[in-house]
Amino acid sequence: MKIGVLLSGSGSNLQAIIDATKNGSLPVEIGLVVSDNPDAFGLKRAEKAGIKAQYIPPGPKRTVLSPEAEEKYITALKEAGCELVCLAGFMRVIKDKILAAFPGRVLNIHPSLLPAFPGLEAWKQALNYGVIMQAVVPVLPNDTTKTLLNRIHQQEHIIYPMAIKLFAEKRLKISGRQVSVINNNPKK
Ligand code: GRF
């Protein structure tokens with residue numbers, strides 16, 4: 001299965017995905033990496049790994065893609081044969097057009113626990129919300145933004161490839177906004 005990765009910056013998550021595909025733990029091929037930032041280091045990481053990488057201008061707005069840009073992103077991803085779109089530090093809100101072009105096939109990673117569930121029956125709220133995978137890191141008294149971010153990134157680099165693997169193995173069942181993981185080996 002081919003995947004596309006959208007990024008805007010460093011691309012350490014892209015690197016984790018590349019490494020996982022190379023060491024055989026993630027059975028997908030990265031068909032295309034696209035960035036809205038021509039200077040994104042992630043584009044260089046892709047090129048170094050021999051992956052097709054492309055800057056596609058995002059249009060004039062800072063937080064979204066223009067409608068023309070959306071079309072170009074969709075065309076590029078489809079032409080590269082990508083069946084799944086992985087957002088990896090893509091700093092723009094993904095709107096309906098891209099979501100409709102890849103229904104149930106856009107994954108994101110975020111460096112906090114999303115969302116928090118305040119109030120009554122937090123466990124019920126959490127179940128209804130539906131997320132694929134989460135990791136928790138401690139916030140330590142002497143942390144700086146750098147040490148905390150490093151700790152978060154370490155976990156992201158483990159769980160994002162794992163979540164993509166679940167998708168590739170067709171083990172994610174989507175109903176409404178809930179996603180559940182199907183265990184294909186019930187004996188385990
Ligand atoms: C990650 O922390 C991710 O959760 C967020 O953006 C950051 C991207 O980092 N969406 P990198 O470019 O993968 O290093």
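Predicted model: local features only at pLDDT ≥ 70, side-chain atom pairs only at ≥ 80, totals over all residues.

Trainee: How do the residues of the lining of the second largest pocket divide into nonpolar, polar and charged?

Mentor: Start by sorting a lining by residue class. Here, the lining of the second largest pocket holds nine nonpolar, 10 polar and two charged residues. That makes 21 lining residues, with Ala88, Gly89, Phe90, Met91 and Ile109 nearest the centre of the pocket. Helix 1 and helix 6 are the elements that each give two or more residues to this lining, and helix 6 gives the most, with three.

Trainee: Which residues surround the ligand?

Mentor: To read a shell, list the residues with a heavy atom within 4 Å of the molecule. In this model the list is Ser10, Gly11, Ser12, Asn13, Gly89, Ile109, His110, Pro111, His153 and Glu156. By class, the shell has two nonpolar, seven polar and one charged residues.

Trainee: Where do polar atoms of the protein lie 2.5 Å, 2.8 Å and 3.3 Å from an oxygen atom of the ligand?

Mentor: Ser12 uses its side chain, with an N or O atom 2.5 Å from a ligand oxygen. Asn13 instead places a backbone N or O atom 2.8 Å from an oxygen atom of the ligand. His153 has a polar side-chain atom 3.3 Å from a ligand oxygen. Taking cover into account as well, the ligand has 360 Å² of accessible area on its own, and the protein covers 85% of that. Helix 1 (12-22) and helix 6 (145-168) are the elements that give two or more residues to the shell.

Trainee: And what about the largest pocket: which residues lie nearest its centre?

Mentor: The largest pocket has a volume of about 1,200 Å³. Its lining counts 39 residues, and Asn108, Ile109, Leu114, Val131 and Ile132 lie nearest the centre. Strand 4 (84-87), strand 5 (106-107), helix 6 and strand 6 (172-175) each give two or more residues to that lining.

Trainee: Which element gives the largest share, and how is the lining split by class?

Mentor: Helix 6 gives the largest share, with eight residues. By class, the lining of the largest pocket has 28 nonpolar, eight polar and three charged residues.

Definitions and conventions:
Residues numbered from 1 in each chain as written. Heavy atoms only, no water. Polar contact = N/O pair within 3.5 Å; in protein donor to acceptor, adjacent residues only side chain to side chain. Areas by Shrake-Rupley, 256 points an atom, 1.4 Å probe, with all protein chains shown as cover. Helix = DSSP H or I, 4+ residues; strand = E, 2+ residues; numbered from the N terminus. Nonpolar A, V, L, I, M, F, W, Y, C, P; charged D, E, K, R; others polar. 1 Å grid on protein atoms, 1.4 Å probe; cavity = no way out; pocket = protein on both sides within 12 Å on 5 of 7 lines; lining within 4 Å. Points joined across faces, edges and corners; volume = space filled by probe spheres on them.
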